[in-house]
Amino acid sequence: MRRRYVVGNWKMNKTPYEAQLFVEELFSVEGGLPEDVELGIAPPYPALDRVGATVGPSLVHLLAQDVYQEVSGPHTGEVSAEMLKACGVTQVIVGHSERRRYRNEHEIDLTRKIERLAEAYITPLYCVGETLGEREAGTTERALSKQMSALEAFPEAAPRGLVLAYEPVWAIGTGRSATPAMAADVHRALREMVRSFWGKEAAEKIRILYGGSVTPENAAALFEEEDIDGALVGGASLKVASFLAIARAARRTVPD
Ligand code: PGA
């Protein structure tokens, strides 16, 4: 059975100090962290080193929100996979819709980012999702398969540990989450694409997270869907209480 995974994408929020306070609070919650759910947090770059020193290996994954597609050199303002690794980063979000939209990132760039991550043994968390216009025009699947084409550069096998996140653009930060049935339909379609790329075993193994206005209130219903393997959480991940409530809702076992 796929282990559920809940990741907090903090976006451009929290100083290193605030990030450290969050992690300390998270580790000291009464009753501890849910044991059968993996957790991850994606602080902004300046907080990575400090958070990395606090989370240590394995307990909570440390993610970066982006990486640059070159190894090193004259790229002012950019950060490489090796630099992230040195801060304790084990996974990186690639292809978030805010970067596709506001930073003009296309599949060709995203493939190169995933290649740099693979070289540094870092796992990509690859995001896909349709816009409202695409959903209304009935072209959701076409939009997703174009985004998934960034992975065609890996014909032999999926990039190590690859995690997918389905994040409909119209649901991000809008308070309007996809319904569980809507999300589950897309997750099944994505799993089918993974099967066509890398076979049945890879499709059964890959974790597909849902993202877009996930809250403690709607998380349990989303997690009732077998094909939803966790969540990529923005706004509700900024406070320990709401992040943890979502993580607890992700447990496959019935809480006692
Ligand atoms: P949201 O963001 O939970 O605030 O909608 C999700 C995301 O962008 O990953």
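**Entry 1: helices α7 and α8**

I looked up how α7 and α8 lie, and they are oblique to each other. The model is a predicted one, in which local features need pLDDT of at least 70, side-chain atom pairs count only at pLDDT 80 or more, and totals for chains, interfaces and linings use all residues. Residues are numbered from 1 along each chain as its sequence is written, and side-chain values use heavy atoms, with hydrogens and water left out.

Helix α7 covers residues 140-148 and helix α8 covers residues 180-198; I found an angle of about 40° between them, with their axes 11 Å apart. Helices here are DSSP runs (H or I, at least four residues), numbered from the N terminus. Axes are lines fitted to C-alpha atoms over the stretch in contact, and angles run from 0 to 180 degrees between N-to-C directions. Angles under 35 degrees count as roughly parallel, over 145 as roughly antiparallel, 65 to 115 as roughly perpendicular and the rest as oblique. I noted the crossing of α7 and α8 as right-handed (the near helix is turned clockwise from the far one by less than a right angle).

**Entry 2: helix α11 and its partners**

I then turned to α11 (residues 240-249), whose axis comes within 8 Å of that of α10 (residues 216-223), the two crossing at roughly 20°. They are therefore roughly parallel to each other, and the crossing is right-handed.

Helix α1 (residues 16-27) also packs against α11, at an angle of about 50° and with the axes 10 Å apart. I recorded this pair as oblique and its crossing as right-handed.

**Entry 3: the ligand**

I counted 13 residues around the ligand, of which K11, H96, E167, G173 and S213 come nearest (a residue is near if one of its heavy atoms lies within 4 Å). By class, I list four nonpolar, seven polar and two charged residues in this shell.

The ligand taken alone exposes 280 Å², and the protein buries 95% of that (Shrake-Rupley method, 1.4 Å probe).

Definitions and conventions:
Ala, Val, Leu, Ile, Met, Phe, Trp, Tyr, Cys and Pro count as nonpolar, Asp, Glu, Lys and Arg as charged, and the others, Gly among them, as polar.
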